[in-house]
Amino acid sequence: MTRPEYRWLLPSAMADPDLPGDRGGRPRRTVRDWIVDITALLLAAVIGLLAAEALRTAPDYGGSVALFDQLAGAAACCALWVRRRRPVGLAATLVVVGTVAPVASGATLVALFSLAVHRPFRPVAAVGAAALLSAVIQAVLRPDPTMPLLVSALTGVLVTVLAIVLGMLVRSRRRLYVALRERARRAETEAELRAQQAQRMAREAIAREMHDVLAHRLTLLSVHAGALEFRPDAPPAQVARAAGVIRDSAHEALQDLREIIGVLRAPDEGKGGAENRPQPTLASLDALVAESREAGMKVILDSRVAEPATVPAHTGRTAYRIAQEALTNARKHAPGTEVTVRVEGSPGEGLSIEVRNLAPAGHVPEVPGSGQGLIGLTERATLAGGRLEHGTTPDGGFRVAAWLPWAA
């Protein structure tokens, strides 16, 4: 991208997003355009004066013919002021004028150059063919007394072709510049879109984390609050234990909400909050099972991992969340049934975790929003490089099984 303070050094075709000839608006001249316009006017005038000087030795040159040539050359030079806005019309007109007035040849060459710069190939080819024919006719009608007829005609043709080719080269370079600038602009836009997409994915990951963590805490609250409601005559020790679990679960839920809201409000500060509070790993699975047992669940833990602390943090955290969500689902959809949690694996073979519960004894009401947690677990396992399966078992129970990579 060109800096605004340097755009005055560029032509309007490069200072603006598009070539001026390719859009309907009138381009605003830059400082460089003014310099180029004045230089082109002076160049056309010098070429015209040289042509007039060469024709002065001709026998029939003088009087009204010389006056006509000089007036035509001056008018042609002044007409170059509109060479950017009307390149086709100006070039076609000057080709006709230059056929009978050699003094306008300089302005004709400048007009052909501008036509090749500001217009595509088709109009350039049409006017250029007319200009080549005009160069030959001019050599016949107004021969140059200083050189042979053939040499004069060939010189006019070569100079015309040179002006057109130079203009086409300038146009191609300008279009390349515009294409590169548009590509850079699209690259910046795509980078912004990728950043927004990454931010959205991060927020979705936070939302899944919120569901996995809070669903477990709030389910514990619901179970113990329901027990207190339906068992007002429970022993004081049991009531105190249930109240303690409710208090601890509510405190943990508030801590989780506080952490998530902190990440949403200040993403840069979210990492610091996450570091201040240790994240669960596979070694925390025993505490999770004990917490579920305190809530009244029948949970059997079969852990065949010799040293859970050696499991990579990301893999262990994913396994913990899978077990947490599976226990929450079993508590909601199959209350009172026995749940088996089995974990096994080793470095190089991966980590397998399976949570299986029996079929509920009676009818269990449908819980609104069922299935969202399993979708989140599938995505979590996929992002970790593993896989997850879930479904009913032949005996009517439910099974959640996942495999996660564990590098050697």
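This is a predicted model: local features need pLDDT of at least 70, side-chain atom pairs count only at pLDDT 80 or more; totals for chains, interfaces and linings use all residues.
View 1. The strands concerned are β1 and β2, which pair in the parallel sense over six bridges. Helix α10 packs on the sheet here and touches both β1 and β2, and the direction of α10 makes about 165 degrees with that of β1. In general, the strands of a sheet pair through backbone hydrogen bonds, and this pairing can be either parallel or antiparallel.

**View 2. The five-stranded sheet as a whole.** The sheet is open and is formed by five strands that follow the order β1-β2-β3-β5-β4, with pairing that is mixed. Its edge strands are β1, which covers residues 298-303, and β4, which covers residues 387-392, and each of these pairs on one side only. From one strand to the next, the twist averages 10 degrees. Helix α11 lies across β1, β2, β3, β4 and β5, and runs at about 5 degrees to β3.

**View 3. The antiparallel pairs that involve β5.** Strands β3 and β5 run antiparallel and are joined by seven bridges, and within β5 it is Leu404 that stands opposite Leu351. Strands β4 and β5 also run antiparallel, and six bridges join them. Here Arg387 stands opposite Trp403 in β5, while the bridge partner of Gly391 in β5 is Arg399. The two strands β4 and β5 form a hairpin with five residues between them, and in the turn Gly396 has a positive phi of about 95 degrees.

**View 4. The two sides of helix α10.** The buried residues of α10 are Leu285, Leu288, Val289, Glu291 and Ser292. These residues lie on the same side of α10, because they cover an arc of only 160 degrees around the axis. On the other side of the helix, Asp286 and Ala287 are exposed. After α10 comes Gly296, whose phi is positive, near 100 degrees.

View 5. When neighbours within four places in sequence are left aside, Leu282 is in contact with Val305, Pro308, Val311, Gly316, Ala319, Val343 and Leu351.

View 6. Ala76 is found in helix α3, which spans residues 64-79. Ala76 counts as buried because its relative accessible area is 3%, whereas the limit for that term is under 20%. Not counting residues up to four places away in sequence, Ala76 touches Leu94, Ala104 and Ala107. Ser105 is 29 residues from Ala76 along the chain, and the C-alpha atoms of these two residues are separated by 8.8 Å.

**View 7. The whole chain, for orientation.** The chain has 12 helices and five strands, and buried residues make up 38% of its 408 residues. Among the contacts in the chain with a separation of 6 or more, 70% are accounted for by residues 24 or more positions apart. The accessible surface of the chain comes to about 23000 Å², and 63% of this surface belongs to carbon and sulfur atoms.

Notes
Residues are numbered from 1 along each chain as its sequence is written. Side-chain values use heavy atoms; hydrogens and water are left out. Contact means heavy atoms within 4.5 Å. Buried means under 20% relative accessible area, exposed over 50%, partly exposed in between (1.4 Å probe, protein chains only). Helices (H or I, at least four residues) and strands (E, at least two) are DSSP runs, numbered from the N terminus. The arc is that of the directions from the helix axis to the C-beta atoms. Two strands pair if DSSP finds at least two bridges between them. Axes are lines fitted to C-alpha atoms, for helices over the stretch in contact, and angles run from 0 to 180 degrees between N-to-C directions. Accessible areas come from the Shrake-Rupley method with a 1.4 Å probe; for residues, only the protein chains shown count as cover.
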